[in-house]
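Please read them with the coordinates open.

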Amino acid sequence: MKNQQVEALILQSLEHELGGIEVYQAALQCAQHPRLKQEWAQYLEETRGHVAALEGACAALGIDPRQELPGRAVVRDVGAALVEAIQLARAGGDPSAAQLVACECVVLAETKDHLDWELIKKCGEHLSGAAAAALRAAAETIEDQEDEHLYHSKGWCRELWVQSLGLTAVLPPPEEVQKVKTAIGAARAEQAAEKVRQ
Ligand SMILES: [Fe+2]
Ligand SMILES: [Fe+2]
C-alpha cells in the first residue's frame, strides 16, 4: 500500500469528521420533524466518536493529527461551504425549506463520510501490525454507523422533498423504520415508499 496516501486518507477523514460536527450543529437548528431532530442528535454524538477514533488512529500510525495537506484544506472548505449553505437557508425564513437544505447538506457530507470509512476498512485489511488492527477495530463499529448515517439521511431527504411537492410522503422514511444498513436494504426501503404512493 502507498503509505503517503493512507496518511492523506486518515487526515482527510479526520478533517471531514470535524466539519461533520459543525454540519450537524447547523442542521439541528433547522430540524422541524422531531424524529429527524432525534436522529441528527444521535449522529452528532457518533460523529464526535469518529473524531476520537481517528485521533486514535493517528496515534497508532504515528501521524500528526494537525498536519496540513492540500487535500485536507479542500475537505475543510467543502465542509465550511455546507455549513454556510445551511445558515443561508435558515436566514431565508422558511423553516421547511431550511430543513430540506440541511437534509441535502447532511447527505452530501455523509456520502464522503461513508466512502472514507469504507476505505479505512480496506486499509485495515491490507496493512499489517498493531496499526492495522487499530484501524480494523475502529472501522468495525463505525462503518455500520456510517451506513445508517448515509442511507437514513437519503431516505429523509427524498421523503421531505416528496412532501414539499404535495405528494404522499412516508415519514419517518422506511430506511429509518426498517433500520437499513445496506445498499440493498435502502433500495427495498425506497421501493416500499414508492408502493405507498402508487
Ligand atoms: Fe463519521
Ligand atoms: Fe457519518
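1. Conventions. This is a predicted model, in which local features need pLDDT of at least 70 and side-chain atom pairs count only at pLDDT 80 or more, while totals for chains, interfaces and linings use all residues. Residues are numbered from 1 along each chain as its sequence is written, chains are lettered from A and ligands numbered from 1 in the order in which they are written, and side-chain values use heavy atoms, with hydrogens and water left out.

2. The iron ion (ligand 1). Its protein donors, taken as N, O and S atoms within 2.8 Å of the metal (3.2 Å for Na, K and Ca) with water not among the atoms, so that sites may look incomplete, are Glu17 (OE), Glu17 (OE), His50 (ND1), Asp113 (OD) and Glu146 (OE), at 2.0 to 2.4 Å. Along the chain these donors follow the spacing E-x32-H-x62-D-x32-E. His50 in helix H2 and Glu146 in helix H5 are 96 residues apart, so this pair links distant parts of the chain; helices (H or I, at least four residues) and strands (E, at least two) are DSSP runs numbered from the N terminus.

3. With buried meaning under 20% relative accessible area, exposed over 50%, and partly exposed in between (1.4 Å probe, protein chains only), His50 counts as buried because its relative accessibility is 1%, and Glu146 is buried with a relative accessible area of 0%.

4. The iron ion (ligand 2). Here the protein donors are Glu110 (OE), Glu110 (OE), Asp113 (OD), Glu146 (OE) and His149 (ND1), lying 2.1 to 2.6 Å from the ion, and the sequence spacing of the donor residues is E-x2-D-x32-E-x2-H. Glu110 and Asp113 are separated by about one helical turn, because they are 3 residues apart in helix H4 (residues 95-126), and both of them are buried.

5. What joins the two metals? Asp113 bridges the iron ion (ligand 1) and the iron ion (ligand 2), which lie 3.2 Å apart.

6. Side chains of opposite charge can pair when their charged atoms come close. Counting a side-chain nitrogen of Lys or Arg within 4 Å of a carboxyl oxygen of Asp or Glu, the structure holds 14 salt bridges. One of them pairs Arg72 with Glu15, with the closest N and O atoms 2.7 Å apart. Arg72 lies in helix H3 (residues 70-91) and Glu15 in helix H1 (residues 3-28), so the pair ties together parts that are 57 residues apart in sequence. Both Arg72 and Glu15 are buried.

7. A salt bridge within one helix. Glu45 and Arg48 form a salt bridge whose closest N and O atoms are 2.5 Å apart, and both residues lie in helix H2 (residues 34-61), 3 residues apart, about one turn of the helix. Glu45 is partly exposed, with a relative accessible area of 47%, and Arg48 also counts as partly exposed, at 35%.

8. The side chains of Glu148 and Lys181 meet in a salt bridge at 3.9 Å, N to O. The pair links distant parts of the chain, with Glu148 in helix H5 and Lys181 in the loop between H6 and helix H7 (183-197), 33 residues apart. Glu148 is buried, with a relative accessible area of 14%, whereas Lys181 is partly exposed at 33%. Elsewhere, Arg158, Glu159, Glu175, Glu194 and Arg197 are joined into one network by salt bridges that share partners.

9. Geometry of H5. The expected span of a helix is 1.5 Å times one less than its number of residues, so the 35 residues of helix H5 (residues 130-164) should span 51 Å, and the end C-alpha atoms, 50 Å apart, agree with this.

10. The loop after H5. Gly166, found in the loop between H5 and H6, takes a positive phi of about 85° just after H5, and Gly166 is exposed, with a relative accessible area of 63%. Leu165 is placed in the loop between H5 and helix H6 (174-177), and Leu165 is exposed at 58%.
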